[in-house]
Amino acid sequence: MTDRGTVEAVVSRQEPSTLMSAAEEVAALAGGYADAADETRRLEPDVVKAVVAAGFARHFVPAAYGGSAGTFGDLTRALATVGAECAATSWSASIVAGVGRMAGYLPAEGCAEVWQDGPDTVVVGSLAPLGRAKSVPGGFRLTGTWPSISVVDFSDWALVRAVFATGEHRAPRVFVIPRAAYTVRDTWTNIGMRATGSHTLVVDDVFVPEARTFDGGDLFEGRPQHSTEACHALPLPAANGLSFAPPTLGAARGALAHWTDYATTKFRSAPEAAGGPGLTRGHYAAALARSAGEIDAAQLLIERASEVADRGAEITPLEVVRNGRDCSLAVELLVTAVNRVFGAAGTSGHSVTSPLQRYWRDVNAASTHVGLQFEPAAHAYMTRVACAATA
């Protein structure tokens, strides 16, 4: 177990420029708690405190409210670093950063309220339009149930999407509500990403003032109401996969590193040619080379998507959909690589005491997220290419 005193060193880091070095310390701390967190289905509070102190919550918060207004490139590298030790911690850090970015689309009055106590406020949420909203004087009455809200137990605010009707017109809208406005149901029992504590958030007829809502179309099209930072002038489809692919990349790296220790020993004692007992050196060499190559290829795709996202409003329509394609394709490569090394790990690698099986569960669970599915990403890419060809 990592020394709990390590958290003090991480908590003391508040400068946004230290995100990467702080991420290395978060990774060490989270790795020490990873097995226990997997069992309890919940991150250790010290780990969450370290994630916030490292700068993940403030990473995309507008500078006007004390945030870093940071880059996708910096965040991607930091998330991959943490994910190599604990995928669930990296996923939670990504959610905190990504949903905080979305809250930056609020009107100035709403932003000031959310970050009135500083930029390290923990905002979680979901864009699934599972709520119902009714327009009333000064705002809306909101009701709904949103499952799978990662790290919700540690949240200060929640961002959710609901549909409201005005006459015959029904439109989705985004709402940001304080912790006192919602309850949490303990429903997260999945076999992968267990430590994310992705329970269900429930809102029952809560008043939300107009200043804490915004049109969902603004988020999807990259039209912030008052922020001028590049990270807010980006259409959501160009950024969505970057919330989920980097933690998966980190977990794949962790799986490969763990398996390589095992495979190196096996390789040294394995026969050169088939025909005798056991697997040959070629078996281990091929598994290592293919899996390492796939992980490297996935990294290149994710890093390019991050660099493109950092162009903000300058991104082209084709690059928007290419980012979605690249992130989903990268995760397919990561799943293939991790499944290969898991299959080549022998019975010891499949033991519940082996970190490899946790990486394997986490990577496969992450890949099922709706934001990482290849078919809709491919359809959007093909549609854009076809439009360009006929223009």
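In this predicted model, helices H11 and H13 are roughly antiparallel to each other, because an angle over 145 degrees between helix directions counts as such. The angle at which helix H11 (residues 317-343) and helix H13 (residues 355-366) pack is about 155°, and their axes lie 10 Å apart. The crossing in which H11 passes H13 is left-handed. On the side of H11, the contact is made by Leu334, Val335, Val338, Asn339, Val341 and Phe342. On the side of H13, the residues involved are Leu356, Gln357, Tyr359, Trp360, Val363 and Asn364. Tyr359 also takes part in an arrangement of another kind: the charged end of Arg358 sits over the ring of Tyr359, 5.3 Å from its centre. In a further arrangement of this kind, the ring of Tyr381 has the charged end of Arg325 over it, at 4.6 Å from the ring centre.

H2 contributes Leu19, Ala22, Val26, Leu29, Ala30 and Tyr33 to the contact, while H3 contributes Asp46, Val47, Ala50, Val51 and Ala54. The loop between H3 and helix H4 (72-83) contains Gly66. When neighbours within four places in sequence are left aside, Gly66 is in contact with Arg58 and Pro119. A separation of 8.4 Å is found between the C-alpha atoms of Gly66 and Trp115, although these residues are 49 residues apart along the chain.

Aromatic side chains were examined next. The model has 7 aromatic pairs. One of them joins Trp91 and Phe244, with 5.1 Å from centre to centre and 35° between the planes, and this pair is tilted. The pair links distant parts of the chain, as Trp91 belongs to helix H5 (residues 87-103) and Phe244 to the loop between helix H8 (236-239) and helix H9 (245-269), 153 residues apart. Trp91 and Phe244 are both buried. The pair of Phe140 and Phe164 is edge-to-face, because the planes of the rings stand at 70°, and the ring centres are 5.3 Å apart. Distant parts of the chain are again linked, with Phe140 in strand S2 and Phe164 in strand S3, 24 residues apart. Phe140 and Phe164 are each buried. Together with Phe175, these two residues form one aromatic cluster.

Backbone angles were also considered. Val151 is not a glycine, yet its phi is positive, at about 50°. The position of Val151 is in the loop between strand S2 (139-149) and strand S3 (157-166). Val151 is buried, because its relative accessible area of 5% is under 20%. Met193, likewise a residue other than glycine, has a positive phi near 50°. Met193 is placed in the loop between strand S5 (183-185) and strand S6 (199-209). The relative accessibility of Met193 is 5%, so Met193 counts as buried.

Technical notes. Residues numbered from 1 in each chain as written. Predicted model: local features only at pLDDT ≥ 70, side-chain atom pairs only at ≥ 80, totals over all residues. Heavy atoms only, no water. Helix = DSSP H or I, 4+ residues; strand = E, 2+ residues; numbered from the N terminus. Buried < 20%, exposed > 50% of the residue type's maximum accessible area, 1.4 Å probe, protein only. Phe/Tyr/Trp six-rings, centres within 6.5 Å; stacked < 30°, edge-to-face > 60°. Lys NZ or Arg CZ within 6 Å of the ring centre and 35° of its normal. Axes fitted to C-alpha atoms, helices over the stretch in contact; angles between N-to-C directions. Parallel < 35°, antiparallel > 145°, perpendicular 65-115°, else oblique. Left-handed = near helix turned anticlockwise from the far one by under 90°. Contact = heavy atoms within 4.5 Å.
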